[in-house]
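Subject: Structure handover

Hello,

Here is the structure I promised you. Please open it and keep it in view while you read my notes below.

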Amino acid sequence: METLTTVPLSDFFGLFAPKFLIGTTYTASLAFFESVVLPKIDRSRLHGAVIIGDEFGFANATAEASALVDVTTTYSMVLAPHGKSFHAKVWIMATDDEFAVLCGSGNLTHSGFIGNHELFDVIRIRPGGNQRELGSELIGFVEALADLFKGFDADTVPAREILVDCAQIMEGVAAAQSAAASREVFFLSSFGGNFPDQIVARSGADARKVCVAAPFFGGSFKGLEALSARFPAAKLEVFPALHGSSIDLPRDPA
């Protein structure tokens, strides 16, 4: 079995001094962000920073308001006007020359970033690379986030302007990339439709092995059933996330 690389998350936030910082999370502790994460970021070139959270996470964050120092001055947190649960856990740092993405299962909390067994991956797009298509997928995600805030007053919800500006400088970086001869890494989000359809569109329906890491089941197997139905010839391997001493499904479905 391959051993997964373990590195401090601070390595990501210390990669370079970002011009823009975008974070998405389901639930959040802004006190944790200000005391542990924000100090790892070189803010010497920071032009805009925004954290987008679910309604549940936003309510938790506001409970810490009296303990916060940098919110509204260094960064802002806004509620995703989505109408459904907002579950993305993606962090993007961007400059005019490069951008980096942290994508994983952990929320912006002590448990999600430190205490739990979480799974993250990092994508870094720098000059001279061949990741034009991957870059475009990441830009599409930021643009879709910006579209959530269409119609909002920019003076009261500055998130849209920050997201649009961030997407624009990411476009410049991606445009300088060459096209990859073949691809192994794709960035998918629900903004592009359901995941089985997106996977088929990129890699075909003849997969022989499908691995799902750290899923939240939501009390049912519907997600796994959708994958199994779309890839009937595939061996489906699931590496469930543990919540305490169990997962979020009963051990005995009966």
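**Strands and sheet**

Strand 5 (residues 99-104) and strand 6 run antiparallel, joined by 6 bridges. Strands pair here if DSSP finds at least two bridges between them. Helices (H or I, at least four residues) and strands (E, at least two) are DSSP runs, numbered from the N terminus. Opposite Phe99 stands Ile125 in strand 6.

This is a predicted model: local features need pLDDT of at least 70, side-chain atom pairs count only at pLDDT 80 or more, and totals for chains, interfaces and linings use all residues. Residues are numbered from 1 along each chain as its sequence is written, and side-chain values use heavy atoms, without hydrogens and water.

**Thr25**

Find Thr25 in strand 1. Is Thr25 buried or exposed? Thr25 counts as buried because its relative accessibility is 0%; buried means under 20% relative accessible area, exposed over 50%, partly exposed in between (1.4 Å probe, protein chains only).

Its side chain makes a polar contact with the side chain of Asn107, at 3.3 Å. Such a contact is a pair of N or O atoms within 3.5 Å; within protein, one must be able to donate a hydrogen and the other to accept it, and residues adjacent in sequence count only if both atoms are side-chain atoms.

Best wishes
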